[in-house]
Amino acid sequence: MSVTATELKSNLGMYLMMAQKEDIYITRNGKVVAKLTNPYQDRVDLAKSLFGVLPDDLTPEQAREERLRET
């Protein structure tokens, strides 16, 4: 989402809540000057991408042992 600096100043609380779910690009004179983002979103995206990675028949302990053997 893109918002002007003036609009951001007028409704900061709303945009802070929105930034928890999506990046907010702040513009001034039609040019992007800043990005308001959730600092933990990368961690959340990484964790979500790992769900379902292990096969159903493999336990976490077996996966750990296999990983250690590869190094």
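**Entry 1: I26 and its contacts.** I began with I26. Setting aside residues up to four places away in sequence, I26 touches V3, T4, A5, L8, K31, V32, V33, A34 and L36. I note here that the model is predicted. Next I looked for the residues that stand opposite I26. In β3, A34 stands opposite I26.

Entry 2: I then followed the strands. In which order do the three strands lie in the sheet? The order is β1-β2-β3, the sheet is open, and the pairing is mixed. The edge strands are β1 and β3, since each pairs on one side only. On average, neighbouring strands of this sheet are turned by 35° against each other, direction ignored.

I checked each pairing. Strand β1 covers residues 2–4 and strand β2 covers residues 24–28. Three bridges join β1 and β2, and these strands run parallel. One of the partners I looked up was T4, whose bridge partner in β2 is T27. Strand β3 covers residues 31–36. Five bridges join β2 to β3, and this pair runs antiparallel. Here I looked up Y25, and its bridge partner in β3 is K35.

**Entry 3: the hairpin and N29.** I moved to the link between β2 and β3. The hairpin of these strands has two residues between them. N29 lies in that loop between β2 and β3. I looked up the backbone angle of N29. N29 has a positive phi of about 55°, although N29 is not a glycine. Is N29 buried or exposed? N29 counts as exposed, because its relative accessibility is 75%, and exposed means over 50%. I also took one distance. The C-alpha atoms of N29 and T4 are separated by 8.2 Å, and the two residues are 25 residues apart along the chain.

**Entry 4: the core.** I went back to I26 for another search. Which residues make up the largest nonpolar core? They are V3, A5, L8, Y15, A19, I24 and I26, seven residues in all. I asked which elements give two or more residues to this core, and found α1 (5–10), α2 and β2. A general point for my notes: in soluble globular proteins, nonpolar side chains tend to be buried together.

**Entry 5: the salt bridge.** I searched the whole structure for salt bridges. How many did the search find? The search finds one salt bridge. The side chains of D23 and K35 meet in it, at 3.7 Å from N to O. The pair links distant parts of the chain, 12 residues apart. D23 is in the loop between α2 (12–19) and β2, while K35 is in strand β3. The general idea is that side chains of opposite charge can pair when their charged atoms come close.

I checked accessibility for both partners. D23 has 27% relative accessibility, so D23 counts as partly exposed. K35 is also partly exposed, with a relative accessible area of 47%. The class of partly exposed lies between under 20% for buried and over 50% for exposed.

**Entry 6: N38.** I looked up N38 next. N38 lies in the loop between β3 and α3 (41–50). What does the side chain of N38 reach? The side chain reaches the backbone oxygen of Q20 at 3.3 Å. Leaving aside neighbours within four places in sequence, N38 is in contact with A19 and Q20. A19 is also listed in the largest nonpolar core.

**Entry 7: M14.** My last stop was M14, which has its place in helix α2. M14 has a relative accessible area of 39%, so M14 is partly exposed. I took one more distance. The C-alpha atoms of M14 and Y25 are separated by 14 Å, with the two residues 11 residues apart along the chain.

Notes:
Residues numbered from 1 in each chain as written. Predicted model: local features only at pLDDT ≥ 70, side-chain atom pairs only at ≥ 80, totals over all residues. Heavy atoms only, no water. Pairing = 2+ DSSP bridges. Helix = DSSP H or I, 4+ residues; strand = E, 2+ residues; numbered from the N terminus. Axes fitted to C-alpha atoms, helices over the stretch in contact; angles between N-to-C directions. Salt bridge = Lys/Arg side-chain N within 4 Å of Asp/Glu carboxyl O. Buried < 20%, exposed > 50% of the residue type's maximum accessible area, 1.4 Å probe, protein only. Core = buried A, V, L, I, M, F, W, Y, C linked by side-chain atoms within 4.5 Å. Contact = heavy atoms within 4.5 Å. Polar contact = N/O pair within 3.5 Å; in protein donor to acceptor, adjacent residues only side chain to side chain.
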